[in-house]
Amino acid sequence: MDATQSRSATMLKLAQIAAVLFIFWPQNGHAAMQITPRVSAGAEYTDNVRLSPESTDTDIISTVTPGITLDISGRPAGLTLDYAPSYVDYADGTYDDYWRHLATGSAWWQPVKSTRLELSDTFLKTEDPISDDDLTVRRTRNPYTRNTATARADYQLGDDNRAYVDGLYTFLENEDPAIEDSQRFGGSAGVAYWFNIRWGVDVDGEYYRAEYEESEDFTDLVGRLRLNHRFNPHFTGYVGYAHTFHDFDDDSDDFQIYDGSIGFDYAIDKTMDLGMSVHYFVRDFEDSKNQSETPVNINLSKRFQRGSINLDGEGGYNYTTTSAENLGYYIYYRGGLSADYAFTRRLTGDANALYAYRDYKDTLPDRQDDVFRAGCGLSFQLLKWLSMRAGYLYRTVDSTDDVNDYKENRVSLLFTVAPSQPHRF
């Protein structure tokens, strides 16, 4: 797909979201429209453009990004659309010039007070191998397309009781013939119900289907049950159980997962929240030895007058669907720290760090990856219509398969021109 076709496909997706909203918008509804145009230009230096173990190829990547945001909000519904194509130029000619495309759209409709419907879609076409959504290794800068569409309906049964149903469709298409395409789709439904002020229950069910270009397809069925006890308005404890049926199409390697947990959520004060849980899960095979893990999950967030800080740690299991590498089932442990602070009215800063350990159980031989990423940035409002951001990112992968190792440093500088206030209609 060339650049013209990509832009056409992107605009078509946004138009479809807009059409759905206006079909459901009542004729007596009132709406206000805001349009915010912008243009950004910047450069990024990387000391390892090919993500190779030797780290010998450097490059400066320049981008020019026009963009526009449309926001329509009213009493019964709302719509937000954003489109930002980027022209990418490699100074050393390591790769050909390229057009990136990023488009997002979201719409909501609340026909009555107790019911809310939401739609969203994110479309990305890029050659950048680094992705927040994918921690597997992508070395080449061959373009790829990732799209994620979601739909959700929430129904409020009372102050604490609710029911929901949602759906997901996401796909990954690669122009690199060595990376296979894949897609994942399905949905879930659940109910949260409190019998009285102290005792409540959450019940959820999921169905998801994963399909690959070459690898074996599978289906997941998941059921969850959680019993909640509210000790006081600020502290809630719970015990839970989740059961997963993982069904491959050829039935050769099917398994089940038994996952028990105990934890709590604690609102320490108006500015600080703490959540913690301990899990014990077992992957049960019919014809081989079971595998078990005991991860501890924790999340601590603190909000200040001028900023916030968030610390989280998590462990669990997942599958490499819509990833650059299809490596099957894996155990993961991750810890992250993020913070932002407004030093002055014009100057803000942010920093983040992430460590992730992944143990891919279905590879031969068994493969483990340690991924570390850290970054920081400063944003400065030079004028009402002109802002600047300087950023730094460090990323490293240390794998038991040495061919996947690499380190990369990125330094970036970006200028953005945008009106201080959106155009209102």
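In which strand does Thr-244 lie? Thr-244 belongs to strand S11, which covers residues 235-248. The legends below describe a predicted model, beginning with the whole chain and continuing with views of single sites.

**Figure 1. Overview of the protein chain, with 1 helix and 22 strands.** The radius of gyration of this predicted chain is 23 Å, close to the 22 Å given by the globule rule for 425 residues, so the chain is as compact as a globular protein of that length. Along the principal axes, the C-alpha atoms fill a box of roughly 60 × 55 × 40 Å. Of the 425 residues, 40% are buried. When contacts between residues at least 6 apart in sequence are considered, 53% of them join residues at least 24 apart. The chain exposes about 22500 Å², of which 58% is supplied by carbon and sulfur atoms.

Figure 2. Thr-244 is counted as buried because its relative accessible area is 3%, where buried means under 20%. Apart from neighbours within four places in sequence, Thr-244 is in contact with Asp-220, Leu-221 and Val-222, with Phe-255, Gln-256 and Ile-257, and with Tyr-317 and Tyr-319. Among these partners, Phe-255, Ile-257, Tyr-317 and Tyr-319 are members of the largest nonpolar core.

**Figure 3. The largest nonpolar core, made of 12 residues.** Its members are Ala-210, Tyr-212, Phe-218, Phe-248, Phe-255, Ile-257, Phe-281, Phe-285, Tyr-317, Tyr-319, Tyr-329 and Ile-331. At least two residues of this core come from each of strands S9 (199-212), S12 (255-269), S13 (272-285), S16 (307-319) and S17 (329-342). A second, separate core has 8 residues, including Ile-130, Ala-356, Val-371 and Tyr-406. In soluble globular proteins, nonpolar side chains tend to be buried together.

**Figure 4. Phe-255 and its contacts.** Leaving out neighbours within four places in sequence, Phe-255 touches Thr-244, Phe-245, His-246 and Phe-248, and also Arg-283, Asp-284, Phe-285, Tyr-319 and Tyr-329. Several of these residues, among them Phe-248, Phe-285, Tyr-319 and Tyr-329, belong with Phe-255 to the largest nonpolar core.

**Figure 5. Asp-253 in the loop between S11 and S12.** The relative accessible area of Asp-253 is 45%, so this residue is classed as partly exposed. Beyond the residues within four places in sequence, Asp-253 is in contact with Phe-248 and Phe-285. Although Asp-253 and Phe-285 are 32 residues apart along the chain, their C-alpha atoms are separated by 7.5 Å.

**Figure 6. Two glycines, Gly-391 in strand S20 and Gly-158 in a loop.** Gly-391, within strand S20 (residues 386-399), has a relative accessible area of 12% and is therefore buried. Not counting residues up to four places away in sequence, Gly-391 touches Cys-376, Gly-377, Arg-410, Val-411 and Ser-412. From C-alpha to C-alpha, Gly-391 and Gly-375 are 7.3 Å apart in space and 16 residues apart in sequence. Gly-158 is found between strand S6 (144-156) and strand S7 (162-174). With a relative accessible area of 27%, Gly-158 is partly exposed. The C-alpha atoms of Gly-158 and Tyr-332 are 37 Å apart, with 174 residues of separation in sequence.

**Figure 7. Backbone geometry at Pro-365, Leu-51 and Thr-322.** Most residues other than glycine have a negative phi, and most peptide bonds are trans. The peptide bond from Leu-364 to Pro-365 is cis, with omega near -5 degrees. Pro-365 lies in the loop that joins strand S18 (347-360) and strand S19 (367-383). Leu-51 has a positive phi of about 55 degrees and sits in the loop between strand S1 (31-46) and strand S2 (59-74). A relative accessible area of 1% places Leu-51 among the buried residues. For Thr-322, phi is also positive, near 45 degrees. The loop between S16 and S17 holds Thr-322, which is buried with a relative accessible area of 8%.

Note on methods: Residues numbered from 1 in each chain as written. Predicted model: local features only at pLDDT ≥ 70, side-chain atom pairs only at ≥ 80, totals over all residues. Heavy atoms only, no water. Helix = DSSP H or I, 4+ residues; strand = E, 2+ residues; numbered from the N terminus. Rg over C-alpha atoms; globule rule 2.2 N^0.38 Å. Buried < 20%, exposed > 50% of the residue type's maximum accessible area, 1.4 Å probe, protein only. Contact = heavy atoms within 4.5 Å. Areas by Shrake-Rupley, 256 points an atom, 1.4 Å probe, with all protein chains shown as cover. Core = buried A, V, L, I, M, F, W, Y, C linked by side-chain atoms within 4.5 Å.
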